[in-house]
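Look at the structure below before reading on. The text starts with one residue and then moves through other parts of the chain.

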Amino acid sequence: MDSKENNKNPSKNDSNNGNVVDNANNKNKNNDKNSNINNNNNTTNINRDKNNKDNNNKKDELKSEKNNNKNTKEVKKDKKEKKEKPKPKESKLEQNKQKIIKYCKILLIILFIGLMSFQLRAQPADMKFTDNPQLKKMFADEHGRMYLVAIDPYYYLRLTENYFYHGYLGETIKIINGKKVPYDTCQYAPPGHPAPTQVPMITYATIGIYELWHPMDSTVTLMNAAFWVPAVLGILLGIPVFFIVRRITKSDIGGIVGSIILISSPALLYKTSAGFADTPIFETLPILFIVWFLLEALHYSSKNIKIAGLCAFLAMAVLVLAPRMWSGWWYGYYIVGGALILYGLITYVLKNYYKDNKFVKKWILIDVNFKNLLIISSIILIITTILLAILYGINFIINTLLAPFGYQSVLSTTELSSGWPNVFTTVAELTKPSLNDIINNSLGSAYLFVMGILGAILSIVSMRYSDKSIKIDLKYGILFILWIGATLYASTKGVRFIGLLVPPLSIGVGIFTGQIINLIKRRDDDLIKWALYPVIVLMGLYTLYKYYPKIPEILLPTTYVPIAAYGLLIVIALLVIYKIKDIISVKDENTKYKKIVALLLGISLIIPPLSAAVPFVTVPTLNNGWLESLHWLKYDTPKNAVITCWWDNGHIYTWATRKMVTFDGGSQNSPRAYWVGRAFATSNENLSIGILRMLATSGDEAFNESSVLMKKTKSVKETVKILNEILPVNRSTAYSILTKKYNLTDAEAKEVLNATHPVNTNPDYLITYNRMTSIATVWSMFGFWNFSLPPNTPNSKREMGYYFKLRGDAINYNGSLVIRLPLKETNKYVAMDIIEIKNNTILYCNEIAIDKQTNKILQQKVAPYHKVIVKIDPNNNLIERVINPNGDNSLIVRVKREGPYYVVYGWVSSRNLEDSIYTHLHFLDGAGLKHIKYVKGSLDPTNPGIEPGFKVYKVDYGKEYLK
């Protein structure tokens with residue numbers, strides 16, 4: 001302290017030095033005059049004084065030298081300032097100019113992030129999945145605009161159309177308990193269910209885009225508007241990330257890196273791209289803005305309570321709106337609440353119980369105003385909870401508190417407590433991923449994943465201070481470690497939850513980058529110069545070299561929206577000009593080099609993920625081939641018609657037809673999965689008809705929890721057994737079985753029969769399509785479900801069926817039709833099945849191998865199939881023959897004549913599906929069935945297979961079942 005004071009006051013130093021000398025002289029004089037004092041003491045005092053004088057003189061010389069150096073520097077500095085210092089008016093103008101440049105730079109960065117995000121997400125609109133113009137037309141409306149991607153978006157499109165045209169989300173209004181309730185007559189029907197009362201945010205977003213766009217182009221539809229919702233909202237995705245990283249690290253480059261990593265993430269890009277008008281965009285946006293506003297509130301809590309309060313209210317507003325965006329909104333509520341509570345408790349303990357601890361005093365930053373922190377916490381937690389209760393009800397709050405436990409129970413069991421099979425175990429996005437799946441689907445590479453984890457941990461390290469000190473700032477670290485821990489756990493429970501992990505990981509990568517840049521700015525030691533600098537420079541140069549050919553695609557992913565495409569190019573050009581000028585304007589070579597290294601670090605991290613995101617294509621499921629048949633169902637079938645199908649495309653069918661649909665993606669995990677699977681997998685047509693009749697007319701009445709059979713047996717297994725026994729037979733026989741075999745009363749039996757053998761029925765129409773052949777293992781597993789097996793029996797241990805597709809040809813030879821179905825081909829030989837048919841009789845089915853060079857038969861044997869079934873169009877009769885009684889597989893063949901040639905479709909079937917209803921329907925157009933008739937077919941361009949590949953069948957219940 002003294003040294004600093006002395007350096008600051010040179011004149012004072014001189015005065016002190018003089019006093020020291022005078023005191024020494026006075027002491028010597030006094031010693032000479034005092035002759036009574038002992039000589040030894042005199043000698044000691046003289047030596048001591050001499051030493052003191054010498055030491056003081058040395059100190060004075062050092063101080064004088066330092067002061068001279070400092071004075072020299074100050075003189076030079078004064079000269080420089082005099083030379084460079086502008087006039088006061090110019091100085092103020094210069095300051096304002098620098099502020100404007102700073103804000104313009106931030107604005108350009110935000111525009112870059114937003115436009116780049118939009119451009120990446122707009123790519124599907126180009127329909128680059130094919131170069132065939134006719135195929136493109138199949139997946140677009142009459143104005144060439146692509147249909148929505150995937151399935152679930154059609155559910156929200158239907159709700160949006162209902163709300164836009166009728167003012168409520170349901171198909172109609174019903175009186176329930178004396179109240180008018182919007183009612184969905186299409187989903188899980190009959191009987192349907194009440195529609196949502198809260199309008200989803202995606203509905204408002206769709207209508208908003210439509211209202212802006214439609215006045216400029218009258219051909220625009222609500223579907224066209226919905227198509228662009230995720231891409232437009234995607235503009236906002238990276239902005240909170242930029243400001244979060246910038247707040248923690250003060251690094252613009254770190255913020256840009258984090259933002260680019262987020263918007264190009266494989267897990268987010270597909271589900272937030274144009275056309276995927278579903279909730280994933282709303283699963284990510286709210287939590288990002290909540291965290292951003294929370295961190296700003298905490299940052300200003302000890303500086304400006306007004307700004308802190310405003311940020312807290314913004315976080316609260318997003319939390320209150322979040323339930324309208326996504327049903328899983330509560331996870332953000334828990335993360336934010338947990339972080340605030342932990343931060344408050346930890347800092348309180350440190351400040352009150354460890355305030356004198358050396359480590360705490362030196363390293364941990366505790367700039368907490370507990371009063372302000374309490375205000376912020378009250379706004380975000382207490383007031384938010386009160387508003388949620390007012391807007392959504394007390395039950396909503398209770399459900400929110402219990403939500404994590406309920407969701408976990410669904411994901412961690414293979415069977416619901418009700419005893420029915422759990423369809424979630426077969427849903428691709430709910431399968432449990434491996435660590436590699438999590439890494440590849442989240443950020444696309446292991447090194448980015450590790451950087452994200454390290455960045456989350458490094459968020460507790462703060463290098464924001466100008467004195468180059470390093471502190472531990474808990475308010476960031478607690479939040480990010482909690483966030484990344486919770487989402488990492490969730491991602492292990494299902495592939496779809498990997499997207500939740502992307503935001504904290506992306507922010508972590510940005511923080512890691514920003515902290516590295518802070519090290520570069522702060523340190524000039526050899527380790528940084530000769531180890532870190534070369535690595536970063538080489539990374540940057542290698543990245544530019546490797547990805548140079550893709551840079552044009554990165555800069556211009558699509559020109560579908562010209563203003564966005566060329567606006568992005570202009571913004572990038574301005575940022576490049578600014579950065580070049582920024583680097584050139586720096587006179588200090590060391591600082592200039594640091595800026596270049598930081599820039600290369602950013603380039604090496606953002607170009608690889610961007611290059612992986614271009615080109616990006618998605619293929620719609622809906623197409624004009626399907627719509628041909630769906631429009632027939634909508635306009636040419638009775639109003640009370642029911643569509644029975646496998647659940648995956650149910651949302652499309654309800655939107656396109658506005659008819660009742662057995663089940664769909666919102667109701668797949670229900671007992672109907674078993675019954676519909678059973679109807680397709682069984683070879684008993686009467687059983688299939690009975691199931692379809694029951695579902696189409698009474699829904700779940702025969703087997704729900706309040707049904708007679710469930711009350712009587714208290715067992716799903718026994719209820720299913722009884723229903724499988726009575727559904728194939730007529731009413732009187734079923735009555736006898738119920739009363740005599742299972743001891744039901746007359747009233748009980750009649751109640752059951754009213755559900756299974758109703759007098760007044762709803763007409764039923766079945767739909768099959770080519771992809772059902774590929775997923776036969778799924779629906780057949782449910783159809784063959786053995787309720788006697790333990791609930792935790794793995795799906796792989798359960799019975800299921802399958803099909804393998806074949807394509808071949810046929811020729812007429814000596815009055816016989818010879819069918820050839822290639823099985824395998826190598827460089828030396830081709831293996832195939834040969835079937836000869838004469839006079840509607842299969843003469844043989846052999847498996848042969850032919851030498852490709854000599855055309856000689858290398859091997860010939862009887863094919864190992866159990867049964868061969870052949871249908872030759874236009875004849876509707878089936879030609880069958882059992883080839884091998886012990887065979888595990890069978891062969892189904894469909895021969896169609898096209899001009900002078902034959903086109904042959906073949907399927908190797910598991911034996912348990914050889915005579916299934918699905919086999920007879922989709923492959924054989926209903927041949928061999930009495931009560932299910934093929935009535936409509938259209939093209940299916942979504943999956944290879946037989947054409948028409950999208951088929952509709954009318955179910956004829958007949959009258960025999962009522963006897």
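The model shown here is a predicted one. I386 lies in helix 16, which runs over residues 370–392. On the surface, I386 belongs to a nonpolar patch together with F313, I382, I383, I390 and L391. The accessible area of these residues together is about 570 Å². Which helix gives the most to the patch? Helix 16 does, with five residues.

An α-helix has 3.6 residues a turn, so residues three or four places apart point the same way.

Is K871 buried or exposed? K871 is buried, because its relative accessible area is 3% and the limit for buried is under 20%. K871 sits in strand 15, which covers residues 867–872. The side chain of K871 is joined to the side chain of D873 by a polar contact of 2.6 Å. Leaving aside residues up to four places away in sequence, K871 touches N876, N877, L878, V893, R894, V895, L924 and A927.

Helix 8 takes in residues 222–233. Its 12 residues should span 16 Å at 1.5 Å a residue, and the end C-alpha atoms are 16 Å apart, so the two values agree. Helix 7, residues 201–213, has 13 residues. From its first C-alpha to its last, helix 7 reaches 18 Å, close to the 18 Å expected.

How many residues of helix 8 are buried? The count is 11 of 12, and helix 8 is therefore mostly covered, with buried meaning under 20% relative accessible area. Among the buried residues of helix 8 are F227, W228 and L233. In helix 7, the buried residues are M201, I202, T203, T206, I207, I209 and Y210. Their cover includes helix 6 (153–166), helix 8, helix 12 (280–300) and helix 13 (305–321).

Finally, take the chain as a whole. The chain contains 36 helices and 20 strands. It has 963 residues, of which 52% count as buried. Its accessible surface comes to about 45,800 Å², and 58% of that belongs to carbon and sulfur atoms. Among contacts between residues at least 6 apart in sequence, 67% join residues at least 24 apart.

Definitions and conventions: Residues are numbered from 1 along each chain as its sequence is written. This is a predicted model: local features need pLDDT of at least 70, side-chain atom pairs count only at pLDDT 80 or more; totals for chains, interfaces and linings use all residues. Side-chain values use heavy atoms; hydrogens and water are left out. Patches are made of residues with over 30% relative accessible area and no salt bridge: like charges are joined within 9 Å, nonpolar side chains (Val, Leu, Ile, Met, Phe, Trp, Tyr) within 5 Å. Accessible areas come from the Shrake-Rupley method with a 1.4 Å probe; for residues, only the protein chains shown count as cover. A salt bridge is a side-chain nitrogen of Lys or Arg within 4 Å of a carboxyl oxygen of Asp or Glu. Helices (H or I, at least four residues) and strands (E, at least two) are DSSP runs, numbered from the N terminus. Buried means under 20% relative accessible area, exposed over 50%, partly exposed in between (1.4 Å probe, protein chains only). A polar contact is a pair of N or O atoms within 3.5 Å; within protein, one must be able to donate a hydrogen and the other to accept it, and residues adjacent in sequence count only if both atoms are side-chain atoms. Contact means heavy atoms within 4.5 Å. The expected span of a helix is 1.5 Å times one less than its number of residues.
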